[in-house]
Amino acid sequence: MKLAIIGTGYVGLVTGACFAELGHQVLCVDNDTAKVELLRSGGLPIYEPGLEGIVARNVQAGRLAFSSEIADAVAQAEVIFIAVPTPPLPDGSVDLSFIEGVAREIAAHLTAYRIVVDKSTVPVKTGEKVAETIRRYSKARVEFDVVSNPEFLREGFAVEDLMRPDRIVIGVQSPRPVLAMREIYAPLEAPMVVTDINSAELIKHAANSFLALKISYINAVAALCEASGANVQEVANGIGLDQRIGRRFLDAGIGFGGSCFPKDLSAFIKIAETLGYDFRLLKEVQQINAQQMDRFLRKIADTLWVIKDKRLGVLGLAFKQNTDDVRMSPAIELCRRLLAEGARLRVHDPRAMAKARALLPPGPTVEYVDERDAVAEGCDALVIATEWPEFKELDLERARRALTHPILFDGRNLFDREEMERLGWVYKSVGR
Ligand code: UGA
């Protein structure tokens, strides 16, 4: 099928590239001309495992192209996906101006029936507004359909999640666009939930909020484990094997971050408020998440006594593994808080160093260390802030020799506590 994706961020680019991989003819559009130029010259604006090969292969095969003109998308594609940012406003609600702008521009170029699909995460009832906007601004008075098709891609695993989804959600207001949507996803053979647009939009916010709730739940249980001498990983295994609960997203840590969960939780709370419901459960999820970072910092302060002028080696800056994304990263927040206490940092991340530089203060208080195993040199303690699997391969013997005293604060429970203690480390983790 002929498809267009408007917006080449994490979601738009991965979706466009994977649709091309499925055999569709895809045009990816972005108003950032520098980004379009970069993509046309074979570069990628983000790091996402597996994406580079897919983009290159499909550009080569003539199935994937890039443009900065929405007019091209409307002229060429039967189905146009909107995948533009929906950033938070200061009060936690969602800024829908990019969506509205794109809807107006699509309307201006419509000359024949098109399906306009919203992939961006939006408040319930946005589809209705998009349809109203297209109707209002379209001069040609042609028919069109608006569809909601939320994405469930995890950064770092986005290609995998798109190619092997648990489910595909399609929200429609009439049966007409369903066939085309089925055809797009047919090669994936995944279960498809076809519902009304409002339900589809709610599914997205409800899913992300539930996953965030799971993480806060296990982080609260971690506090109980610490107070009672239990082990949160054992507890997570024990409850997670119950298929009604499931083991995934029950890893205690320093709290969730990223460009989705914090923003989507605030948005969902705000949406609930506008609909007349006080979603206190989700407010508590936010509270627990904030406290989780406080508790971890307290652990560091309790062990080191005075943080001022201590040199700390921080492993991890990205908000999670397999990504270079540092937006709302708990690791960055941790660095900032340690710096505010007067610490000096030596930091390392396999992918996110360049993007972290823009967020952390410039100057000598933060040293960027390219080699993971060199981070501990001259430090008083090590801190693990991101769950990169390669941190498990840290050269512990070298780190031990480099540190004043072998102290490791493991914010992601990557190491075995008993083994670390046997090796002589002062080892503090979460909920164990
Ligand atoms: C999340 C959802 O998982 C995706 O399904 C959704 O499509 C996406 O948001 C979105 O709305 O676009 P993402 O933010 O990329 O994906 O990352 P996650 O893997 O969900 O991790 C989010 C945060 O939770 C990270 O900071 C991670 O370290 C933390 N986390 C995750 C935990 O602390 N414990 C866990 O058990 C799992």
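This is a predicted model: local features need pLDDT of at least 70, side-chain atom pairs count only at pLDDT 80 or more; totals for chains, interfaces and linings use all residues.

Student: Which residues come nearest to the ligand?

Tutor: A residue is near a molecule if one of its heavy atoms lies within 4 Å of it. Here 20 residues are around the ligand, and Glu 151, Glu 155, Lys 204, Asn 208 and Glu 387 come nearest.

Student: What is the make-up of that shell: how many residues are nonpolar, polar and charged?

Tutor: Ala, Val, Leu, Ile, Met, Phe, Trp, Tyr, Cys and Pro count as nonpolar, Asp, Glu, Lys and Arg as charged, and the others, Gly among them, as polar. The shell has nine nonpolar, two polar and nine charged residues.

Student: Which polar side-chain atom lies 2.7 Å from an oxygen atom of the ligand?

Tutor: A polar contact is a pair of N or O atoms within 3.5 Å. One such atom belongs to the side chain of Glu 387, 2.7 Å from a ligand oxygen. The protein buries 93% of the 710 Å² that the ligand exposes when taken alone (Shrake-Rupley method, 1.4 Å probe).

Student: Which domains supply the shell?

Tutor: Domain bounds come from an automatic or database domain assignment. Domain 1 (2-190) and domain 2 (211-428) each give at least three residues to the shell. Their C-alpha centres lie 33 Å apart. With contact meaning heavy atoms within 4.5 Å, 19 residues of domain 1 touch 20 residues of domain 2.

Definitions and conventions. Residues are numbered from 1 along each chain as its sequence is written. Side-chain values use heavy atoms; hydrogens and water are left out. A polar contact is a pair of N or O atoms within 3.5 Å; within protein, one must be able to donate a hydrogen and the other to accept it, and residues adjacent in sequence count only if both atoms are side-chain atoms.
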